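The structure is shown first.

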Amino acid sequence: MRKHEEDFYIGYLSSAPKGLASVTRLRILILIAFALIAGGAITALQSKFWPGVFEFGTYRDFEGMILERPYPTLLVKRPEAGDHFPYSRYLLVNPFKFGADETVQGLNGQTVSLKGQLVFQDGKTMIEVAPESVKPLGNSAEPVSLPSSEWGRHTLRGEIVDSKCYLGAMNPGNLKTHKACAVRCISGGIPPVFLVRQKEGAALYFLMVDEEGNQVNEACLPFVAEPLEITGNVRQEGGMLILYANPETYIRL
Amino acid sequence: MSHGYQFVGWNRQKKLYDLTLLGAVLSYLLLFIVGSIVLHPDAVIDMIILRALGTCAFVLLHVILAIGPLARLDRRWLPLLYNRRHMGVTMFTLALLHGLLSLLTYHGFGDTHPLVSLFTSNTRYDSLSQFPFQPLGFFALILLFLMAATSHDFWLATLTPPIWKTLHMGVYVAYGLLLGHVGFGFLQTETHPALFGLLAAGCLTLLALHLAAAGKETKLDTQDGFQQDGEGYLKLCEVLEIPNNRGRMFFVGGDRIAVFRYDGRVSAISNACQHQNGPLGEGRVIDGLVTCPWHGFQYDPATGASPPPFTEKVPTFNLKVLNGSVWVHPNPNPPGTYVNPGLVEEPGHA
Ligand code: HEM
Ligand code: FES
């Protein structure tokens, strides 16, 4: 009893009774251990990261031809890439959560130089154009025709992501927790991409347009980051898969 | 001996408490951030930091909510309860940083004001799997802010205890909102079953502790069948069943009464401390004053009043000692009413 008596704790005195102090110390250590174990477990159990890269702070120079439609694109000549289509095709976006529509306005078909940072993953590459860096160099000498092939009508299951974050500006840059950010990006003009995971092999990325080939940024917003089924015509144009489908026919799963 | 919120300084124990808390929080953040960079080299650093902050706040909230019932089940947890306010403010700070960083990362730098985007970027309130989880975090943060901002005893005195206590019960509402925030958010993206298990374990532990603590109090609350005399006094116990300078709690007539033996005398006052409802019956009589086990508020056992300059008063109960038994009248006197202490008839004190 006497021992217990001494164990009465009074917080405003400057030291606690000895017996109580050691019990308390042990309990605090146990609590902290619990917290750190929980934190360690959460750290280890995160899994939805993808090998995307955003070359933040590294500006490179590019020279090539602008395509305004369906989404701002730069075609850069690669003589070493063979005769079939000797170009690299980059989607262009502006810094933060904005597309490059205004940056390339009126430059369709023109050769330009620009500076930008690369965002890439899985062999898909995008350029975040540095502000004010686009310099027109005149009309392209030879008009480029994009080699295209029809893949026919397909029904695909996947998720709408914003191409910039998904490729690497954010990570994880998809799924539920990323929805708000993807909505901001797509609403700001970043090209929406339909991401289809296959049972085996690499994921497929489809640039999304409506049946007439127009941008669908506004129309697809309510569907972003949700599991969807989309039926439409698929076409490969200059190395990029494009999905032509009416947003009113997207089906939530 | 007298003290109060105006005068309590930054003593060694408080410093130790704060240093330990700070050390634990920093260790957690460091472990999470370095661990994530090593295990997941592809992750973007903002994501890691905002997850470290969010989970740290959430884990700390579990600790905070566990300490209340733990202290009711075993008094030796009380030293942790004493400065729980500092844990609360720390938890709020972590949550605020997490919220701000999330707002900036997910909603900032775009075509819409972040606070507008917070409520308009996802409106699928009709779907469980797509339910907007970020507004839940936002409202929890507002509640935590109100509590952190009013956590000082100055606000307890200003708002009056009933309002203050109601406001601070809001922590359970905040916890509920955060269960939704994490369940409809993080756990929909990161779907490892062990993460779900971890959340369930935390939630069920809190539930079990609260039920156990409530069970202990119900046992006290269902005491019954005291012998009653012609004047309405109830025979509660024998004097010698109360250890010297300590109290015993009884549930009588809808009230909890704390009966103390000290200095050869016996007095009965209401069990609920005016500060935050601490159980006075679990306190001690120190220098002739009943001292609350939670934060040390003191009351004269004969009058129920705090010594000057303090003004807290609790109700007293009429009491008599007959043949070594304590008889208490169940009707409370107005707070601060002097009642003649009963005299203990034992050798050396009579
Ligand atoms: C304005 C308020 C808030 C916003 C905008 C917000 C936003 C977010 C977002 C976007 C995520 C998902 C991040 C991810 O992809 O992993 C998240 C997760 C989380 N949040 Fe919040 N949150 C807010 C308030 C809070 C508060 C007050 C807490 C309290 C402890 C909290 C605790 C958590 C936890 C534990 C997670 C899961 C781990 C994580 O993903 O970070 N959040 N929050
Ligand atoms: S409850 Fe805080 S001192 Fe009694």
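The side chains of Arg60(A) and Glu55(A) form a salt bridge, with N and O 2.8 Å apart; the term stands for a side-chain nitrogen of Lys or Arg within 4 Å of a carboxyl oxygen of Asp or Glu. Arg60(A) counts as partly exposed because its relative accessibility is 36%, while Glu55(A), at 15%, counts as buried. Here buried means under 20% relative accessible area, exposed over 50%, and partly exposed in between, with a 1.4 Å probe and protein chains only.

The model is predicted: local features need pLDDT of at least 70, side-chain atom pairs count only at pLDDT 80 or more, and totals for chains, interfaces and linings use all residues. Residues are numbered from 1 along each chain as its sequence is written, chains are lettered from A and ligands numbered from 1 in the order in which they are written, and side-chain values use heavy atoms, with hydrogens and water left out.

**Salt bridges**

Over all chains, the search of the whole structure finds 19 salt bridges. Some of them are tabulated here.

| Pair | N to O distance |
|---|---|
| Arg60(A) and Glu55(A) | 2.8 Å |
| Glu128(A) and Lys164(A) | 2.8 Å |
| Glu238(B) and Lys235(B) | 4.0 Å |
| Asp111(B) and Arg184(A) | 2.9 Å |

In the bridge between Glu238(B) and Lys235(B), Glu238(B) is partly exposed at 32% relative accessibility, and Lys235(B) is partly exposed at 28%. Elsewhere, one network of salt bridges with shared partners joins Lys179(A), Glu226(A), Arg252(A), Arg124(B) and Asp126(B).

The side chains of Glu128(A) and Lys164(A) also meet in a salt bridge. This pair links distant parts of the chain, 36 residues apart: Glu128(A) is in strand β6 of chain A and Lys164(A) in helix α3 (residues 163-169) of chain A. Helices (H or I, at least four residues) and strands (E, at least two) are DSSP runs, numbered from the N terminus. Lys164(A) is buried, with a relative accessible area of 3%.

**Surroundings of Glu128(A)**

Strand β6 of chain A, which holds Glu128(A), covers residues 124-129. Glu128(A) counts as buried, given its relative accessibility of 7%. Its side chain is joined to that of Lys164(A) by a polar contact of 2.8 Å. A polar contact is a pair of N or O atoms within 3.5 Å; within protein, one must be able to donate a hydrogen and the other to accept it, and residues adjacent in sequence count only if both atoms are side-chain atoms. Leaving out residues up to four places away in sequence, Glu128(A) touches residues including Phe54(A), Val93(A), Phe96(A), Lys115(A) and Lys164(A). Contact means heavy atoms within 4.5 Å.

**Surroundings of Leu221(A)**

Leu221(A) sits in the loop between α5 (217-220) and β11 (227-237) of chain A. At 17% relative accessibility, this leucine counts as buried. Apart from residues up to four places away in sequence, Leu221(A) touches Val183(A), Ile186(A) and Ser187(A). The C-alpha atoms of Leu221(A) and Ile186(A) are 7.3 Å apart, and the two residues are 35 apart in sequence.

His98(B) lies in helix α4 (residues 84-107) and His181(B) in helix α8 (residues 161-189) of chain B, so the pair ties together parts 83 residues apart in sequence. Both His98(B) and His181(B) are buried.

**Chain B and its interface with chain A**

Chain B has nine helices and eleven strands. Of its 350 residues, 51% are buried. Taken along the principal axes, the C-alpha atoms of chain B fill a box of roughly 80 × 40 × 35 Å.

In chain B, 73 residues are in contact with 58 residues of chain A. The area buried between the two chains is about 5800 Å², with carbon and sulfur atoms giving 64%; buried area is the accessible area (1.4 Å probe) that two parts lose on being put together, summed over both. Three salt bridges cross this interface, and 22 residue pairs across it are in polar contact, both residues being at pLDDT 80 or more. On the side of chain B that touches chain A, α1(B) gives the most, with eleven residues.
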